Amino acid sequence: MSIFSSLFSRETEDDYDLEASQHSDGKSGQPGSALTGELYEGMRIEVTDPEGMPLVVGRITALGPSSLKLERLPGGLGFKVCSLESAVCASGYDKKMVPISMRAVVEASSRTVLKLKNVRVETHAENREAFRLPLSVPVSLYRWEDEHCKTPEECLLVDISTSGACVQSEYVHDEDEVLRIRLKLDDYTPLNFVGQIVRCVEHAPGKFRYGFLFAQLTEEEITSLNKILFNLQTGVKRTHMRTEQGHW
């Protein structure tokens, strides 16, 4: 087995999905138990379209067995008005820092309120690595042989999870290419990953989106990254310093 195949092995052998539409069928969780046990009023929720484009960031002010009502965060500006009956994706972290992803349909939408119906849990405690946090921050890519990261390729981070990331770039890369990824999330210490391109599409003329599969992280590294994503999701500002060696 080569060093690359060892680094990027996964128990499930699932690629990091670039397209938001390729989720599980939701059978791993029932809306009734998840929505009343894991979601809670005041929880921050990010809503995107099925392609992953951000729509609304708000907080839960009411929830039912298969419905959610979101209102603006304190100090937040008006919501983008969404088309009624349109399909959306929603995500957030529960009180135990377990990421949750959902599918839903827009029931009502205004500049101050968004109501979702037919809410279906796609990801929860049993499948932590599938959760992805939408972000829009600079990221630098480096060739595998650039061990000292001297020649950066400036790109844009689209989303990130503990298993991989989606990056938008004007540079052309091949599937299966191994690169080094360096990113700075808010006030946290810069993160460095070894990533392998597992999917690529031309998102717009001259702009390519790459799905990266990170070299397999330890359980401790996954927990640490989940804490960072949780803090970013909830707006908590904490300096995070890594002391253990690993892939990042």
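Cys-82 counts as buried at 8% relative accessibility, where buried means under 20% relative accessible area, exposed over 50% and partly exposed in between (1.4 Å probe, protein chains only). Cys-82 is found in the loop between E3 and E4; helices (H or I, at least four residues) and strands (E, at least two) are DSSP runs, numbered from the N terminus. This is a predicted model, where local features need pLDDT of at least 70, side-chain atom pairs count only at pLDDT 80 or more, and totals for chains, interfaces and linings use all residues. Residues are numbered from 1 along each chain as its sequence is written, and side-chain values use heavy atoms, with hydrogens and water left out.

**Around Cys-82**

- Leaving aside residues up to four places away in sequence, Cys-82 touches Leu-55, Val-56, Val-106, Ser-109 and Leu-114; contact here means heavy atoms within 4.5 Å.
- Take Ser-109 from that list: 27 residues separate Cys-82 and Ser-109 in sequence, yet they are 5.7 Å apart in space, C-alpha to C-alpha.
- Glu-85 is in the loop between E3 and E4 too, and has a positive phi of about 70° although it is not a glycine.

**The chain overall**

- The secondary structure comes to three helices and 12 strands.
- The chain has 248 residues, and buried ones make up 46% of them.
- Of the contacts between residues at least 6 apart in sequence, 61% join residues at least 24 apart.

**Salt bridges**

- The structure holds five salt bridges, each being a side-chain nitrogen of Lys or Arg within 4 Å of a carboxyl oxygen of Asp or Glu.
- One of them joins Lys-117 to Glu-85, with the closest N and O atoms 2.9 Å apart. That pair links distant parts of the chain, 32 residues apart: Lys-117 is in strand E6 (residues 113-123), while Glu-85 is in the loop between strand E3 (67-72) and E4. Lys-117 counts as partly exposed, at 23% relative accessibility.
- Another bridge runs from Arg-143 to Glu-177, where the closest N and O atoms are 2.4 Å apart. This pair also links distant parts of the chain, with Arg-143 in strand E7 and Glu-177 in the loop between strand E9 (164-169) and strand E10 (178-183), 34 residues apart. Arg-143 is partly exposed at 38% relative accessibility, whereas Glu-177 is buried with a relative accessible area of 17%.
- Arg-44 and Glu-46 form a bridge as well, their closest N and O atoms being 3.5 Å apart. Arg-44 is partly exposed, with a relative accessible area of 21%, and Glu-46 is buried, with 9%.

**Aromatic rings**

- Rings of Phe, Tyr and Trp (its six-membered ring) pair if their centres lie within 6.5 Å; planes under 30 degrees apart count as stacked, over 60 as edge-to-face and the rest as tilted.
- By this rule there are two aromatic pairs. In one of them, the rings of Phe-193 and Phe-214 have their centres 4.1 Å apart and their planes at 10°, so the pair is stacked.
- Phe-193 is in strand E11 (residues 191-204) and Phe-214 in strand E12 (residues 207-214), so to speak a link between distant parts of the chain, 21 residues apart.- Both partners are covered: Phe-193 is buried, with a relative accessible area of 2%, and Phe-214 is buried, with 1%.
- The charged end of Arg-180 sits over the ring of Trp-144, 4.4 Å from its centre. The rule asks for NZ of Lys or CZ of Arg within 6 Å of the ring centre and within 35 degrees of the ring normal.

**Helix H3**

- Helix H3 covers residues 219-234, and at 1.5 Å a residue its 16 residues should span 22 Å; the end C-alpha atoms are 22 Å apart, which agrees. The expected span is 1.5 Å times one less than the number of residues.
- Buried residues in H3 include Ile-222, Leu-225, Ile-228, Leu-229, Phe-230 and Leu-232, with Glu-221 and Gln-233 also among them.
- The cover over the buried residues of H3 includes strand E1 (44-48), strand E4 (87-93), strand E5 (99-109), strand E7 (133-143), strand E8 (153-160) and E11.
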